[in-house]
Amino acid sequence: MAPPVPVQAVDFALATIERYGRRDLEARLRQARHRLLDEQVRVLVVGEFKQGKSLLVNGLVSAPVCPVYDDIATAVPTVVRYGATPQVTLVRMAGGAVPGGDGSELRSEPVEVPIEELADHVAGHVSESGNPGNRQRLSAVEVAIPRDVLAGGLVVVDTPGVGGLNSVHGAATMAALPTADAVLLVSDASQEYTAPELEFLRQAVMLCPNVACVLTKTDLYPEWRRIAELDQAHLKAARLDTELLAVSGVVRWQAVLTGDAELDGESGFPALERFLRERVVGQADLLARRSTVLDVVAVTDQLRGSLRAEQQAQQDPRSVRELIGRLTEAQHNAAALKERSARWQHTLNDGIGDLNADIDHDLRDRMREIIRLAEDEITEGGDPTKTWEQISAWVEQQVATATSTNFVWATQRARWLAQQVAGHFAEDREAILPVLRTESSDALSAVRPMVIRENEPWGIGQKALTAVRGSYMGVLMFGMMSTMVGLSLVNPFSLAAGVLLGGKTISDEKRRVVARRQNEARTSVRRYVDDVIFQVGKDSRDMLRVVQRDLRDHFTAQADQMNRSLQEALRATEKSVNASKAERERRLTEIAGELERLTTLQQQVRTLVPSAIQAAAQKNPTQKDAPRNDPGKATAISAS
Amino acid sequence: MNDHGRLCAEVRGVLERAVHAYGDRPETRERLCGQLERLDGPLRIAIAGKVKAGKSTLLNALVGEQIAPTDAGECTRVVTWYRDGHSPRMLMYPRGRPPVGIPVDRRDGALVIDLQGLPAQDLDRLVVDWPSQSLRTATLIDTPGIASLSAGVARRTVRFLNPEDDTPTEADAVLYLMRHLHACDAEFLAAFRDQGVARAASVNTVAVISRADEIGGGRVDAMESARAVAARYRQEPVLRGLCQNVVAVAGLLAQTARTLRHTEFVGLTRLAAASREELEAALLTADRFVAADGPLARAVPDLPAAQRRALLARFGVFGLRVSTALIRERGADPAELAAELLRCSGLDELQAVLHHQFAQRRDVLKARSALLALDGVLRDVPCAQSGPLTAAVERIFADAHEFAELRLLSALRSGSVALPRALVGEAERLLGDAGAAPAVRLGLPAETAPGERRVAALEALVRWQDHAENPMLGRAAADACRAVVRTCEGLLSHG
């Protein structure tokens with residue numbers, strides 16, 4: 001397979017700039033090249049359970065990858081990507097056994113599986129029955145199959161249904177949204193959207209650039225057009241501008257089996273494929289092209305800047321002094337950008353500091369609320385051993401939801417911060433943003449589970465002992481008193497008192513046991529939540545630190561490149577002062593030739609992006625950034 | 001059972017005393033009179049579930065007439081009561097105002113409910129009086145769906161079935177419809193159980209897997225698949241504590257089977273005349289089946305598209321597959337077809353469950369509802385007679401073994417009282433889990449002779465007396481055994 005066009009363009013640019021010996025600029029292009037080759041387009045298939053998600057994925061890739069059953073639901077995400085041979089890889093959660101594991105995942109060796117047996121093989125790992133309660137502790141199952149649809153880097157992820165009995169899945173799906181390039185919300189044609197589905201959509205459009213709604217099972221419901229209309233009305237009422245695609249997995253499957261093109265058209269899948277190709281893959285491709293253009297143009301502009309400065313100096317030696325002055329100032333500014341005291345550094349450091357505090361406070365606040373509710377529940381609920389299962393499940397679910405919401409918020413804030421920092425540089429903000437590594441925390445699986453001691457020794461023997469202790473005191477006390485009026489130590493009165501006191505001791509003891517259990521349950525919940533705050537807090541701090549480091553390195557590199565370009569220009573200009581006329585003439589023709597070459601390169605690379613889009617892309621940032629008076633502004637190569 | 005009659009009489013007596021005691025407070029009196037009326041009336045079964053679970057369709061199937069309006073979109077927006085009456089009549093109860101009559105209008109059999117411009121949230125309920133044999137034994141209450149997009153609609157149902165204040169719910173029993181077991185279904189059922197109701201609501205709830213034919217994608221074996229799902233849910237610990245039983249029903253098919261028209265049968269016969277392959281190819285999608293020109297239109301030219309559309313709407317893909325197969329292979333006539341479809345839809349099974357688990361227990365359920373309501377009134381609005389009346393209510397609660405049975409049954413199902421595993425099944429059966437009739441409780445066929453039944457009851461009694469005295473059992477378990485012993489004694493004295 002030939003490398004994609006943007007990669008070829010980068011290779012060409014690399015070859016062109018090789019002669020200038022600018023290793024830093026070459027590194028920037030190499031990085032861009034690496035990013036292009038590594039690119040994946042992740043499509044998440046989400047929805048409530050039993051809506052036909054797995055069948056949709058199977059239909060999309062025309063292969064029986066995900067198991068489809070009437071009853072049993074998917075419990076573990078299945079990741080379907082391109083591979084030369086059908087292979088299954090299990091991805092286990094790491095750090096479960098070792099507290100504070102590094103969050104990396106353990107991948108099993110890929111197993112080759114014939115394509116007909118894929119679904120059965122996968123079912124053993126991802127279905128509720130094959131892997132009940134995810135006992136195999138898998139975080140995903142990866143399936144590689146040789147299908148052209150996937151060859152462009154498309155990765156389809158079949159997620160467990162949201163809202164099943166175990167809705168920790170919902171939180172996990174939400175946390176996966178920021179890393180997805182597209183989300184397909186699957187809902188079957190039996191009914192219009194429900195409140196939770198629309199709520200999910202609302203959140204999804206905030207986190208993911210491409211969201212589409214898929215209406216499945218249109219073969220089964222004659223009224224599916226009505227439902228589609230109703231859904232569209234709901235989407236409109238909620239101001240959600242998402243496309244609605246109606247498909248039938250069954251018909252598609254039939255079409256795959258028989259190779260009937262007309263049937264395939266009826267299934268509605270071609271429209272879905274078109275959406276994925278044009279909107280999702282197309283957009284990702286466009287983004288890749290645009291960033292390639294910007295990278296190449298930025299690099300060549302820096303080279304051209306140096307050359308132009310030299311050209312001007314050679315042509316007009318009298319202006320050299322003034323030129324040197326300007327260049328020195330610009331270079332001074334560029335050098336200042338590298339300093340710790342540069343304003344973008346302040347913005348970044350302060351921003352990360354604020355972010356850390358806010359995220360931590362948000363997490364603690366959410367957790368405190370959960371603890372409060374759980375404690376109320378325990379206090380009012382009598383003996384907690386009876387309701388422990390429900391309470392602990394509730395706490396776990398609430399905690400999962402809270403951490404995922406917290407994470408989503410942190411991601412959004414981090415992105416916003418990156419844009420703020422980029423604002424200090426005068427280029428197109430979007431384009432120079434690095435890819436932020438915000439991976440969701442897997443800390444929840446590393447936290448020890450909540451437990452309380454179920455069987456305390458409070459059996460017959462214990463009770464009898466307590467009763468005897470109480471009654472012994474009673475008999476003794478009242479017996480002693482009654483001996484004073486002449487009765488024997490053991491008499492009916494003292495015996496009665498003994499029985500009464502014995503009973504009272506038992507009931508007291510019982511109340512004490514319940515109170516102790518309640519205390520224990522409260523402590524257990526607190527300890528669990530504390531553990532979660534500890535782990536998740538550490539993970540989110542780590543994540544922010546990574547973000548900070550990435551942004552700092554990225555922008556420092558940018559500042560370095562500018563500084564270096566200006567230095568080169570300065571050096572060339574200074575050298576030109578002492579040059580002879582003949583040298584000058586020769587150099588001027590050389591410079592003209594080189595400028596010509598770089599301009600041609602730029603023009604060629606620009607053709608990667610259709611002109612209309614490019615014009616729009618170029619117009620916006622200049623408008624946005626024009627009025628700013630930042631130190632970064634001066635670094636736009638002054639000579640150009 | 002005579003016992004139930006006695007219980008009702010006792011409850012009625014207390015209620016009458018209370019009505020007398022509250023003679024000077026018309027509002028409270030009204031409430032109590034309502035309870036008295038309810039005690040004499042039929043059992044009230046509410047049909048609840050998520051949006052589009054098929055509540056109105058199932059209601060129609062149970063009534064045997066297509067009266068409740070159904071639609072592809074969300075349809076029921078107000079709690080609607082369907083009860084037996086001499087002549088059709090519709091009353092609308094706006095909140096805090098006297099009821100208003102609305103004209104009865106039907107379109108294609110279904111009632112046209114015109115709220116006369118009143119917003120649904122201002123209405124407390126709609127009451128439909130309808131002359132029907134099926135409604136004579138039970139008043140059916142259709143409720144708006146839970147998790148509906150219009151939050152107000154969902155709230156009305158939750159408020160109706162699970163009111164926030166302490167007043168007991170208006171329904172005696174609940175049919176909970178779900179398509180798959182969803183977290184919010186379980187939540188709802190759990191909330192419903194927690195509601196005071198003597199902590200025993202799971203005994204009056206039956207979960208229904210509605211639209212069961214769709215689980216298997218309308219294949220011919222779809223119902224078997226759905227029944228397997230129901231069997232699995234029955235064993236699911238979460239559901240066991242929340243409801244009595246789980247039944248799979250294909251609501252649409254049941255409704256159609258009970259209201260099968262001759263024209264439809266004729267249409268089906270024509271369809272059945274087409275070859276099996278042609279029909280299967282056409283039934284691949286709903287769109288193909290109703291297409292104006294296609295292979296099917298050529299194969300069955302005397303069945304226009306409009307009729308095919310109507311057939312599909314009434315039978316669904318599954319219903320069409322099954323009924324054409326029945327006509328083609330067995331040459332079924334209309335009556336046979338209706339009966340077979342009814343059996344296939346699972347409605348028979350649901351009716352049997354309703355009969356065993358609600359109808360036979362209805363006096364107990366009604367008495368319990370009435371006592372709880374009275375108890376609430378006594379607590380809220382004290383009067384001179386409060387003391388003795390409260391005592392009377394408590395005495396009935398403590399005395400009536402039926403309540404103890406219900407409570408124990410619920411405790412056993414939710415697992416809050418643990419009997420040894422080997423005993424649970426028999427205990428539940430003796431307590432009337434599968435049905436209140438003596439033979440059913442003893443696990444004998446219905447036609448068993450009284451003598452044999454006595455022998456069986458005696459054996460059970462001796463066995464459970466042994467269990468009750470088993471020193472290895474905890475106190476709660478021993479209490480449970482003693483309650484079962486009392487049940488056995490009752491069986492012996494009646495048998």
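**Entry 1**

I began with strand 10 of chain A, where Leu244(A) is the bridge partner of Cys213(A). The model is a predicted one, and I read every value below as computed. I counted the bridges next: four join strand 9 to strand 10 (residues 243–246) of chain A, and the two strands run parallel.

One pair I looked up is Ala182(A) with its bridge partner in strand 9, Asn210(A). From strand 8 of chain A the chain goes through helix 7 (residues 195–207) to strand 9, in a right-handed β-α-β crossover.

How enclosed is strand 9 of chain A? I found six of its seven residues buried, so the strand is largely enclosed by the rest of the structure.

**Entry 2: helix 9, chain A**

I looked up which residues of helix 9 (residues 249–258) of chain A are buried: Gly249(A), Val250(A), Val251(A), Arg252(A) and Ala255(A). What do they pack against? The partners in chain A are helix 3 (53–61), strand 9 (210–216), helix 10 (261–267) and helix 11 (269–315). After helix 9 of chain A comes Gly259(A), and I noted its positive phi, near 70°.

**Entry 3: nonpolar cores**

I listed the members of the largest nonpolar core, which has 214 residues. Those touching the most other members are Val43(A), Val65(A), Leu185(A), Ile45(B) and Val208(B). Helix 11 of chain A gives the most to this core, with 13 residues. A second, separate core holds 50 residues, among them Leu323(A), Ala418(A), Met543(A) and Leu544(A).

I took Val208(B) for a closer look. Neighbours within four places in sequence aside, Val208(B) is in contact with Leu58(B), Leu175(B), Tyr176(B), Leu177(B), Val247(B), Val249(B) and Leu350(B).

**Entry 4: helix 17, chain A**

I checked how helix 2 (residues 23–37) of chain A meets helix 17 (residues 492–577) of chain A. Their axes come within 9 Å and cross at roughly 145°. The crossing of helix 2 past helix 17 of chain A is left-handed. I traced the contact to Asp24(A), Leu25(A) and Arg28(A) on helix 2 of chain A, and to Asp560(A), Gln561(A) and Arg564(A) on helix 17 of chain A.

I also looked up Gln548(A), which lies in helix 17 of chain A. Is Gln548(A) buried or exposed? I put Gln548(A) down as buried, because it has 20 C-beta neighbours inside 10 Å, and 20 or more is what the term requires. Apart from neighbours within four places in sequence, Gln548(A) is in contact with Leu348(A) and Ile352(A). Leu348(A) is 200 residues from Gln548(A) along the chain, yet their C-alpha atoms are separated by 7.1 Å.

**Entry 5: chain B in outline**

Chain B contains 23 helices and eleven strands. Of its 495 residues, 46% count as buried. Taking the contacts in chain B between residues at least 6 apart in sequence, I noted that 71% join residues at least 24 apart.

Note on methods
Residues are numbered from 1 along each chain as its sequence is written. Chains are lettered from A and ligands numbered from 1 in the order in which they are written. This is a predicted model: local features need pLDDT of at least 70, side-chain atom pairs count only at pLDDT 80 or more; totals for chains, interfaces and linings use all residues. A residue is buried if 20 or more other C-beta atoms lie within 10 Å of its own, exposed if 12 or fewer, and partly exposed in between; C-beta atoms are placed from the backbone. Two residues are in contact if their C-beta atoms, placed from the backbone, lie within 7 Å. A nonpolar core is a set of buried Ala, Val, Leu, Ile, Met, Phe, Trp, Tyr and Cys residues joined through C-beta atoms within 7 Å. Two strands pair if DSSP finds at least two bridges between them. A crossover is right-handed if, with the strands pointing away from the viewer, the path from the first strand over the helix to the second runs clockwise. Axes are lines fitted to C-alpha atoms, for helices over the stretch in contact, and angles run from 0 to 180 degrees between N-to-C directions. A crossing is left-handed if the near helix is turned anticlockwise from the far one by less than a right angle, and right-handed if clockwise.
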